[in-house]
Amino acid sequence: MPARPSWIPYALIAPSVVFLAALFLVPLVQTIWLSFSAGEGLSLENYRRMAGDLNFALAVKNTFLLTLVVVPLQVVLALGMATMVTKLDKGRDLVLWVLTIPLGISDLAAGLAWLALLQNTGYLNSALYALGLIQGPTGWLSQETPVALFFAIVLAELWRATAIVLVILIAGLQLIPKEFAEAAEIFGAKPWTRFTRITLPLLKPSLQSALILRTVLAFEVFAVVYALGGRNFPVLAGEAYVWQNDNQNYGVAAAYAVLIMAISLAATAVYLRALRTRPEQLP
Amino acid sequence: MTHPVSLRAIAAAAALFGGLTVAHAQETIFYSTQLRPIEEATKVREVLLKGIPGKVTYVVDEPPAFAVRMKAETQAGKRTASVVGALHGELQPHVPADLQPVDDVAAKLTDRGIPASLMDLGKLGTGQQQYIPWMQATYVMVANKQALQYLPAGADVNSLTYAQLQQWGKTIADKTGQRRLGFPAGPTGLLPRFFQGYFYPSFTGGVVTTFKSADAEAGWNALKELWAVSNPNSTNYNFMQEPLLSGEVWIAWDHIARVKEALTLQPDQFVAFPAPAGPKGRGYMPVIAGLAIPKDAPNRAGAVAVIEHLTKPQTQLATAAEVGFFPVVKAELPTDLAPGIKALAGAVAATQNAKDALVSLLPVGLGAKGGEFNKVYMDSFQRIVLRNEPVKDVLEAQAKVLDALMKDTGAPCWAPDKPSQGACSVQ
């Protein structure tokens with residue numbers, strides 16, 4: 001068999017690279033350029049404006065806080081659900097389908113669904129009133145109830161976005177040979193030991209993928225927050241939206257977009273390094 | 001023999017091309033920033049534009065895109081729209097390069113009874129008519145009748161003061177346990193206009209020049225007291241008709257088009273009345289939309305026909321009934337008008353005819369910086385009322401932002417501020 005020329009793989013991948021460059025890199029460069037454009041020539045004015053804005057510090061804090069709370073909870077929940085699903089004999093497909101329903105719902109629709117539950121005339125207040133626990137409609141989503149609002153957003157995010165983590169982890173679990181766990185069991189390892197010593201290490205590549213994807217999406221959270229809290233809970237993507245659409249200042253909006261990208265890239269780099277897997281540990 | 005055949009062919013071709021030209025010239029593109037929501041746009045297409053000879057295509061766009069397109073078509077030397085509909089402030093930047101004078105149209109419409117003051121506005125500061133007033137709206141207060149029993153002694157809803165409104169809200173909160181005064185402070189609420197057309201003029205007599213005056217400081221302190229009795233969900237409200245209908249809010253301020261549904265669905269439940277007065281008078285902001293003809297319009301005759309049709313009394317009344325914008329022409333509202341619309345019409349009339357009425361225009365000359373102009377007022381609200389920062393400090397800081405913005409845009413003062421030479425500045 002003749003040896004294949006070494007350039008064939010690159011030739012085959014070229015169309016995708018060109019496509020990616022045209023539809024991703026060009027807009028990316030334009031956005032970065034826009035973020036440094038103000039008046040004549042290059043300038044840091046847009047970044048200064050962004051950093052000095054009323055909601056900047058709050059948006060950064062809220063975005064990080066939400067990410068730090070939601071992502072770990074989602075990973076834990078997804079691990080629990082994935083483990084249970086894997087152990088099912090009957091009805092596995094049905095359970096999996098039900099658990100992934102939120103994947104098919106848009107962010108904004110999910111936010112509006114939770115809004116219907118939690119607003120003053122929503123189901124939660126109706127139920128609490130029927131049980132005699134509240135005297136009348138109670139506000140949970142206003143700027144005067146920041147803790148309740150944060151909790152509502154966390155709940156909506158958990159419900160909406162845990163499924164993506166679940167799907168990745170289930171795929172990862174299926175790659176782990178059953179024999180590993182069986183062998184450990186024979187040698188007397190307890191379930192918790194098997195989970196922490198065998199399953200988790202072998203699941204590391206999937207965890208890496210899930211964490212990268214979920215964290216990047218968490219830094220871009222917008223629609224759920226917008227639906228539930230409007231401007232009561234500023235987040236970075238929300239501020240980018242406001243500067244673009246309300247303030248019509250595309251330079252500052254671009255600066256926010258670049259900041260979000262920089263944070264996402266940094267988080268990705270951290271995960272790639274911290275969860276790096278040595279080749280011999282791969283399943 | 002050859003010659004007659006050629007002549008016949010030429011004649012046939014001329015007739016054909018002439019026909020095509022006539023067919024093409026019959027279409028009029030009506031490009032508008034107004035009546036954009038799909039329900040309203042549908043009303044325009046199916047009801048309000050009925051009866052105009054030829055085909056009229058109604059196209060809607062956001063104000064910033066409207067501005068870009070008008071300029072772009074002028075630069076390109078190719079115009080698509082023959083008639084445009086937009087607010088007074090949105091048309092201002094397009095004089096003289098993008099619009100053509102319509103004095104001839106104005107002359108045709110003298111029998112419509114459009115007030116001279118509105119026609120003067122339509123000159124946009126020039127000696128010629130630049131747009132014909134199309135329709136008007138304003139902002140009003142709407143109250144659930146349940147709230148009327150809690151009015152302060154001696155207060156008349158048609159001549160409320162801000163102090164009385166605050167007392168009213170406080171009494172309701174004390175007696176019912178719920179704060180039921182509401183403002184549209186949500187993401188797409190029109191609260192910026194409350195500051196620019198109602199709050200600032202009423203308390204300070206100006207909107208830009210008086211931004212950080214002692215009167216403004218007193219006004220913001222009064223607003224903090226008002227907010228203390230306002231529904232905390234106000235920062236989630238965008239259209240006040242929703243919380244009014246749900247009973248969450250009993251007293252609200254908003255644009256007519258955003259409270260209309262409450263009065264239409266439950267006319268027996270609500271009353272409408274002018275916004276309150278402050279120390280300087282009863283500030284109010286008429287929202288005037290105008291019809292203009294772009295320079296080099298493809299079908300000027302069609303544009304004139306659209307303008308003539310839309311300013312007919314019956315079309316203006318249909319506009320009021322269908323989309324909640326009120327006539328600019330002399331038109332007797334019919335006795336069979338829906339009760340909700342009648343209540344709104346009463347509130348509009350009471351607002352305009354108030355002895356202490358103080359007119360504010362929509363911001364003029366800011367171009368694409370209108371959003372940042374709104375932000376100055378909303379940031380002040382956020383910092384002073386929601387985050388409880390010291391009033392004087394906030395006004396000093398925000399005044400710098402506002403002043404820089406006015407200098408950047410070069411926008412001259414508009415009512416209620418006195419006319420300025422060059423950019424309007426904070427004093």
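A nonpolar surface patch is a group of residues, each with over 30% relative accessible area and no salt bridge, in which nonpolar side chains (Val, Leu, Ile, Met, Phe, Trp, Tyr) are joined within 5 Å. The accessible areas come from the Shrake-Rupley method with a 1.4 Å probe, and for residues only the protein chains shown count as cover. With that in hand, here is a patch to find in the structure above: A:Leu94, A:Trp97, A:Val98 and A:Ile101 make a nonpolar surface patch of about 420 Å².

This is a predicted model, in which local features need pLDDT of at least 70 and side-chain atom pairs count only at pLDDT 80 or more, while totals for chains, interfaces and linings use all residues. Residues are numbered from 1 along each chain as its sequence is written, chains are lettered from A and ligands numbered from 1 in the order in which they are written, and side-chain values use heavy atoms, with hydrogens and water left out.

A:Trp97 is found in helix H4 (residues 92-99) of chain A; helices here are DSSP runs of H or I with at least four residues, strands are runs of E with at least two, and both are numbered from the N terminus. A:Trp97 counts as exposed because its relative accessibility is 55%, where exposed means over 50%, buried under 20%, and partly exposed in between (1.4 Å probe, protein chains only).

**Empty space**

Rolling a probe the size of a water molecule over the atoms shows where empty space is left. On a 1 Å grid over the protein atoms alone, a cavity is a set of points where a 1.4 Å probe fits but cannot get out, while a pocket is an open set with protein on both sides within 12 Å along at least five of seven lines; lining residues have an atom within 4 Å of a point. Grid points are joined across faces, edges and corners, and a volume is the space filled by probe spheres set on the points.

The whole structure has 4 cavities of 30 Å³ or more, and the largest cavity holds about 70 Å³ of space. Its lining includes A:Phe222, A:Tyr226, A:Phe233 and A:Val242. Helix H10 (223-229) and helix H11 (236-245) of chain A are the elements that give two or more residues to this lining. H11(A) supplies the largest share, 3 residues.

The second largest pocket contains about 670 Å³ of space. Of the 18 residues that line this pocket, A:Thr86, A:Lys87, A:Leu173, A:Ala181 and A:Thr199 lie nearest its centre. Which helix gives the most to the lining of this pocket? H9(A) does, with 6 residues. The lining divides into 9 nonpolar, 4 polar and 5 charged residues; Ala, Val, Leu, Ile, Met, Phe, Trp, Tyr, Cys and Pro count as nonpolar, Asp, Glu, Lys and Arg as charged, and the others, Gly among them, as polar.

**Charged pairs**

Side chains of opposite charge can pair when their charged atoms come close. A salt bridge is a side-chain nitrogen of Lys or Arg within 4 Å of a carboxyl oxygen of Asp or Glu. Over all chains, the structure holds 26 salt bridges, and the table shows examples.

| Salt bridge | N to O distance |
|---|---|
| A:Arg160 and A:Asp107 | 2.9 Å |
| B:Glu389 and B:Arg383 | 3.0 Å |
| B:Lys407 and B:Asp403 | 3.1 Å |

A:Arg160 and A:Asp107 form a salt bridge. This pair links distant parts of the chain, with A:Arg160 in helix H7 and A:Asp107 in helix H5 (residues 107-118) of chain A, 53 residues apart. A:Arg160 is buried at 13% relative accessibility, whereas A:Asp107 is partly exposed at 33%.

In chain B, B:Lys407 and B:Asp403 are 4 residues apart in helix H16 (residues 391-409), so about one helical turn separates them. B:Lys407 is exposed at 54% relative accessibility, but B:Asp403 is buried at 18%.

**Backbone details**

The peptide bond from B:Val95 to B:Pro96 is cis, with omega near 0°. B:Pro96 sits in the loop between helix H4 (88-91) and strand S4 (99-100) of chain B.

B:Leu35 is not a glycine, yet has a positive phi of about 50°. Is B:Leu35 buried or exposed? B:Leu35 is buried, with a relative accessible area of 4%. B:Asn388, also not a glycine, has a positive phi of about 60°, and B:Asn388 is exposed at 53% relative accessible area.

Definitions and conventions. Patch = residues over 30% accessible without salt bridge, like charges linked within 9 Å, V, L, I, M, F, W, Y side chains within 5 Å.
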